[in-house]
Structure formats: C-alpha cells, structure tokens
Amino acid sequence: MQRFWRSGAVLTAVILAGSSALFAHEECDDIPAQKSAASGESAGPRSEPGAAVAIQLFQYQPGRLEISAGATVTWINQDDIRHTVTLGAPENREGAVSLALAGKGATASFTFDRPGDYEYFCERHPSMRGQIHVQ
Amino acid sequence: MKIDCKKIIGAAMVAAWLGAGCAANAAAAEMNPHGAMAADLRTGLNSLFREHVFLAAAATGAALGGRDGEFKAAAGALDGNSIDIAKAIGSVYGAGAEQAFLPLWRRHIGFVVDYTVGVATRDDAKKSKAVNDLVQYTQDFGAFLASANPNLPKDGVANLVKDHVLTLKDVIDAQASGDMSKTFTAIRNAAGHMGMIADPLAAAIVKQFPDRFASR
C-alpha cells in the first residue's frame, strides 16, 4: 500500500545539469562578506555592477539572470516567510552555499567571479528554482 | 457523468476568473455586475475546495482499507483537482504563480499522505512529524496568499488552513476507527469548512481586482 502512497504523493521536478567547481570553498572568498549582507550589514563597496532578483509569490524573479563575471546579485525577499538562496540543486548540494532571507524585506547578496551557469533553489521550498548565467 | 460535472464546474470558475462569462452570467451582470462575477468566483472556489476534501477522503479511505486500485484512482482525481486549483490561481495571478502554487499545494497533500501512512502503520512518530509538517505548511500557504493579495493576512489564512488540516485529520482518524457514521460526519464538517477558506479568498480577490469582476 505504501508504494501507492509514495507514488501518489511524490512531486518530481525537472532539474537541469549540476553545479560547477566555483562552489568549492577556495573559490568563494566573498561568501563571508555576503553572509554579512544577508544579515543586514553592509557588504562594502563593489566595483562590479550588480543585479537584483526579487523573491515574490515563491518565485525568483527573474528566474534566469545573465550577468558579467564579477557582478554581485542581490536577492530581495518580498514574501512574508523565510526563503534561502542555495547554490546547486536539492539533488546535488555538495559544496553548496546557502544564503538565508529571514522574511519580508530581507536581502542577501553573492558575487559571481567566474563565468558559468549556476543553479540555485530554496531549501525550504525546493520547487523554487533559479539560474544565473555568468558571462 | 460525475467527472464531466467537475470539469464543467472547474471550467466555469476559470472562465469567470478570466472574464469569459456565459450569456446567463452576462445578463445577471447587467443587473449587478460586481455581484454576479463575484458570485461565480465564490461558487467556483467553493466547488474546487470541497471537491478537494471529498477526493482526499476517498483516497485516504481507500488506502486505509487496502483498496489499492481505488486509491490510485482517487489519488489521480485528487491531483487533477490540485491542478485545477492551481490553474484558477494562475488565471488571476499569472502562469508563474500557477507553477509556484501547484507544488506548494501538492506538498500538503503529501503530508496528509504521511499522516495516513502513520495511522495505517500505527507509527506515532510518523504521525507526529506529519502533523508538525502540516502546521508549518500552513505558514507557507498563508505567506503565499498574503504575497499574492494584500487583503489576505498571512496569519489569518494560516489559521484557516490549519483548521482544514485538523478537519481532514478527523476524517482520517474516523476512517481508521471504522466508524462510518463518524467518518461521514467528519467528511461533511471538513467539506463545509472549506467555505471558510473559499469565501474570504474570493472576497479578497474581488477587492483586489474590482474592475475585473465589475466590468461585465
């Protein structure tokens, strides 16, 4: 019987290809500063242009963003619930960085230093997915 | 025949939300446009949400009774209802909202499944976790609708959904007890409660988009 329950309940999402080596620790030197930004502290001046992603109605808007290497992306939570921006995918989280956005009005930032395609998702709501293309 | 009626009800609701009313609606709307469209919306939402309860109860009853074929059919119909509800949300708030809503809605069904499995297997830990997950889920659901519509307070929605969860839990517990009288009373209570979600949701949408519901 349980197999039917499982089959009836499972929600399968389509996941694109996995993350890249940029998520490795040594290539994420700016992560501590960005976590400070997530907690409301200043991340300091940046020379690269930035981009913003709104989180509203349990969606990252825009869902796909194209930026240049070195640009900082800032996520702004407009939902009255905790979301995260977690690099990778639920099925492939090795080395993933996770930025918490505690509630409405919370922001978090991350600088993408190397070109590539990056996926991210919300740990609390795994169906929320976003993509960053860094040129 | 039953399925056809459901489709008609669902289609009527979506059509109303899209502003594509039928001739009868149009005639009524000339007399009281705001009221006619709002009534369509409220009726459609009530139909979908109550159908959700009936199909959920059919699925849990079949599962607890070990009737696998019946369960699969009921679960499939329940998911069809979920898709219809998501489409209704999408017709108001867009395709992105529809895509975001559907997994959120399905998630609570998954937790109900977990609870039912816990009941069937007498696994109190599983039951307790499922209840906790469902209570947490009510906050997510409240946040979603509050984000979509400023007329819907998060905590108010969450409390209404929590009551839905509890009334459905009563259904499952009654089904597990084998008391049919208690079971069907619980099903009626659970279905009746859905109006307490559908009615304020419809009212809030009409308040948010008065032109869409008053222009026909």
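**Entry 1: confidence**

I am working with a predicted model. I then checked residues 1–47 of chain A. There pLDDT stays under 50. For that stretch the model has 67 contacts beyond four places in sequence.

**Entry 2: the sheet in chain A**

I traced an open sheet of four strands in chain A. The order is β2-β1-β4-β7, and the pairing is mixed. Which strands stand at the edges? I found β2 (59–61) and β7 (107–112) of chain A there. Each has a single partner strand, so one side of each is left without a neighbour in the sheet. From one strand to the next, the twist averages 25°.

I looked at one pair more carefully. Strand β1 (residues 50–56) and strand β4 (residues 71–77) of chain A pair in the parallel sense, over six bridges. I also noted that Ala52(A) stands opposite Thr74(A) in β4(A).

**Entry 3: α5 and α6 in chain B**

I moved to chain B. Helix α5 (residues 95–120) and helix α6 of chain B have axes that come within 9 Å and cross at roughly 160°. Over 145 degrees counts as roughly antiparallel. α5(B) and α6(B) are therefore roughly antiparallel to each other. Their crossing is left-handed. I listed some residues of the contact. Those of α5(B) include Phe101(B), Leu104(B) and Phe111(B), and those of α6(B) include Leu134(B), Phe141(B) and Phe144(B). The contact residues divide into 14 nonpolar, two polar and six charged.

**Entry 4: α6 and α7 in chain B**

Next I followed α6 (residues 124–148) to α7 (residues 154–177), both of chain B. How do their axes cross? They come within 8 Å and cross at roughly 135°. α6(B) and α7(B) are therefore oblique to each other. This crossing is right-handed. In α6(B), residues including Leu134(B), Phe141(B) and Leu145(B) meet residues of α7(B), among them Val157(B), Val161(B) and Val165(B).

**Entry 5: where the chains touch**

Last, I looked up the contact between the chains. I found 17 residues of chain A in contact with 26 residues of chain B. Which helix gives the most to the side of chain A that touches chain B? Helix α1 (residues 2–9) of chain A does, with five residues. That side of chain A divides into eight nonpolar, seven polar and two charged residues.

How values were computed: Residues numbered from 1 in each chain as written. Chains lettered and ligands numbered in written order. Predicted model: local features only at pLDDT ≥ 70, side-chain atom pairs only at ≥ 80, totals over all residues. Axes fitted to C-alpha atoms, helices over the stretch in contact; angles between N-to-C directions. Helix = DSSP H or I, 4+ residues; strand = E, 2+ residues; numbered from the N terminus. Parallel < 35°, antiparallel > 145°, perpendicular 65-115°, else oblique. Left-handed = near helix turned anticlockwise from the far one by under 90°. Contact = placed C-beta atoms within 7 Å. Nonpolar A, V, L, I, M, F, W, Y, C, P; charged D, E, K, R; others polar. pLDDT = per-residue confidence, 0-100. Pairing = 2+ DSSP bridges.
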